[in-house]
Structures are given as structure tokens and as C-alpha cells.
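Subject: Structure handover

Hello,

Here is the structure I promised to pass on. Please open it alongside this note.

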Amino acid sequence: MCGRFTLSVIPEVLAQAFQIEHVPDIEPQYNIAPTQMVWTVIYNSQSHEREFERSRWGLIPSWAKDSSMGAKLINARAETVAEKPAFRSAFKRRRCLVVADGFYEWQKQDGKKQPYYFRLRNGQPFGFAGLWEEWESPQKQQIKSCTILTTQANDLLQPLHERMPVILTEQDYDMWLNCQVQELEALQQLLQPYRSEEMIGYPVSTLVNNPKHNSSECIIGLNTENAPANQLN
């Protein structure tokens with residue numbers, strides 16, 4: 001699964017990584033948690049350009065009675081996303097990239113939860129495969145929300161968890177964002193575990209366990225006997 005992630009790179013780096021000319025000022029976020037606002041990339045079919053948009057993490061289906069359902073739908077399994085009622089419409093018509101530069105996973109150690117931080121080895125930002133939806137409250141409030149797709153863990157993540165978020169390569173962004181592409185087999189080919197050799201992971205402070213902590217200390221690696229910093233390199 002994916003329950004926390006980060007986005008701390010400067011707008012100029014994001015503009016280059018996602019080929020978007022205008023990138024808003026983005027405050028560094030080192031501990032993004034469900035129901036918080038995140039940045040997504042969508043394809044505007046009218047302007048034929050990619051755009052950055054804000055979205056609440058936790059997809060609220062258009063037919064949901066209230067917004068609380070979103071807290072349960074922060075992730076969608078890639079293997080079944082095309083079938084599930086909560087996701088199948090968005091999978092066809094509203095695909096996006098959820099912008100990040102790293103994410104966390106936890107391992108139980110001596111009865112405690114030790115967080116690990118994972119990122120690309122080259123330090124570049126990336127896009128999680130995501131879906132977005134727009135929901136209208138009874139008070140006519142419009143809420144845009146999103147979910148992150150997950151797949152089987154690669155060899156790097158496997159010691160900690162059986163699932164990992166789908167990280168798309170830059171070459172796959174166009175196909176994923178182009179919702180005229182409807183071939184299920186072609187889309188499923190994109191939703192694979194990211195290559196382990198192109199990622200790095202290391203233990204970090206348990207500050208991350210509390211979503212109120214949002215500083216660069218969250219991603220500083222530890223070097224302990226129980227969890228050496230090079231354990232997952």
C-alpha cells in the first residue's frame with residue numbers, strides 16, 4: 001500500500017520532470033498523509049497540455065453519500081481497479097499522476113513500527129499512477145479527490161510489505177494520462193513494480209509516524225545496528 005509520501009523538490013525541477021511550463025509555488029511536504037491536499041498532473045484535452053492540479057488524497061466516488069468514504073479509498077489495487085465500482089469510471093476517464101519524490105513503508109521491529117523511506121536512486125520526482133474524481137456535497141461544494149494505484153512489491157520492498165505504489169516511468173506518462181487509450185491490456189502493462197535497482201530505501205526517524213511532523217528530519221536516514229542505513233540500498 002501507500003500511506004505516506006513526500007514532495008520537496010523545487011518547482012523548476014517539477015517543470016522539467018513533467019514537461020509543464022507553469023508550475024505553482026509548492027511548499028515542501030515531508031509527511032503527506034491521507035485526506036490531505038496533494039498535487040496531481042492531468043492532461044487537458046482542450047489545451048492539449050499537462051496541468052498541475054490540487055486534489056484531496058482519498059477518492060470520493062461521485063455516487064458517495066458523504067465525503068468520509070474517501071478516507072477508505074486512498075489506494076486502488078492495479079489488478080482489480082478496472083472492475084471495482086468505486087474506481088472503474090475514473091480508470092476509464094479520469095487518470096492522473098500523483099506527484100511525489102519519495103514514500104514511506106513500515107516494518108515491525110521488537111513490537112514497534114520502524115519507518116523506511118524510499119525514493120528513486122537519481123533523486124528525481126516521479127508520478128504515481130493515480131485516478132481522480134469530482135464529488136458534489138449536498139451543500140453543492142465541489143471536492144476533487146484522488147487515489148494511488150498499488151501493485152505487487154518489488155524485491156526492494158518485499159521484506160517490508162507485499163504491496164507498493166505504482167511508479168510510472170516518464171515514457172509512460174502520455175499513455176496513462178491520455179484517457180482516449182482504453183485498451184485494458186495496454187494500461188495494465190504500465191502498472192508493474194518499479195525496478196528495484198533504480199530505487200533506494202533506508203530507515204528513518206519515527207517522527208514520521210505522527211503526520212503532524214512535517215520537516216526534512218523525516219527523511220534523514222538512521223544508522224543503527226537493528227536497521228543499518230545501507231540495508232536496502
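Below is what turned up, from the overall fold down to single residues.

**Overall**

Please keep in mind that this is a predicted model. The protein chain holds four helices and 13 strands. Its radius of gyration is 17 Å, close to the 17 Å that the globule rule gives for 233 residues, so the chain is as compact as a globular protein of that length. The C-alpha trace spans about 55 × 35 × 35 Å along its principal axes.

Of the 233 residues, 50% count as buried. Take the contacts in the chain with a separation of 6 or more: residues 24 or more positions apart account for 67% of them.

The chain exposes about 11800 Å². Carbon and sulfur atoms supply 46% of that area. On the charge side, there are 23 positive and 27 negative side chains. The centres of these two sets lie 9 Å apart.

**The cores**

In soluble globular proteins, nonpolar side chains tend to be buried together. Here, the largest nonpolar core has 62 residues. Those with the most contacts inside this core are F5, F18, F103, F128, W176 and M199. Another core lies apart from it and has eight residues, among them Y30, Y202, V208 and C218.

What does F103 touch, leaving out residues up to four places away in sequence? Its partners include the aromatic residues F5, Y116, Y117, F118, F126 and F128. C2, R4, L157, P165, I167 and M199 are in contact with F103 as well.

**Helix α1**

Helix α1 covers residues 11-18. Its buried residues are P11, L14, A15, A17 and F18. An α-helix has 3.6 residues a turn, so residues three or four places apart point the same way. Cover for the buried residues of α1 comes from several elements, including strands β1 (5-7), β3, β4, β6 (95-100) and β9 (126-136). Helix α3 (173-177) is also among the covering elements.

With a relative accessibility of 54%, E12 counts as exposed, because the cut-off for exposed is over 50%. E12 and H22 are 10 residues apart in sequence, and their C-alpha atoms are 9.2 Å apart in space. Q19 follows the helix and has a positive phi, near 55°.

**Two loops with positive phi**

H48 is not a glycine, yet its phi is positive, about 60°. H48 sits in the loop between β3 (37-44) and β4 (49-57). The residue is exposed, with a relative accessible area of 56%.

D110 is another non-glycine with a positive phi, of about 55°. Its loop runs between β7 (102-109) and β8 (112-120). D110 is exposed, at 73% relative accessible area.

Where is H161 found? H161 is in the loop between β10 (142-152) and β11 (163-165). Its relative accessible area is 23%, so H161 is partly exposed: buried would need a value under 20%. H161 and M1 are 160 residues apart along the chain, with 7.9 Å between their C-alpha atoms. M1 is also in contact with H161, as are E105 and A153, leaving aside neighbours within four places in sequence.

T151 is found in strand β10. Is T151 buried or exposed? At 4% relative accessibility, T151 counts as buried. Not counting residues up to four places away in sequence, T151 touches E79, E162, R163, M164, V166, L191, Q192 and P193. T40 is 111 residues from T151 in sequence, and the two are 20 Å apart in space, C-alpha to C-alpha.

Best wishes

Conventions. Residues numbered from 1 in each chain as written. Predicted model: local features only at pLDDT ≥ 70, side-chain atom pairs only at ≥ 80, totals over all residues. Heavy atoms only, no water. Core = buried A, V, L, I, M, F, W, Y, C linked by side-chain atoms within 4.5 Å. Buried < 20%, exposed > 50% of the residue type's maximum accessible area, 1.4 Å probe, protein only. Contact = heavy atoms within 4.5 Å. Rg over C-alpha atoms; globule rule 2.2 N^0.38 Å. Areas by Shrake-Rupley, 256 points an atom, 1.4 Å probe, with all protein chains shown as cover. Lys, Arg positive; Asp, Glu negative; His and termini not counted. Charge placed at Lys NZ, Arg CZ, Asp CG, Glu CD.
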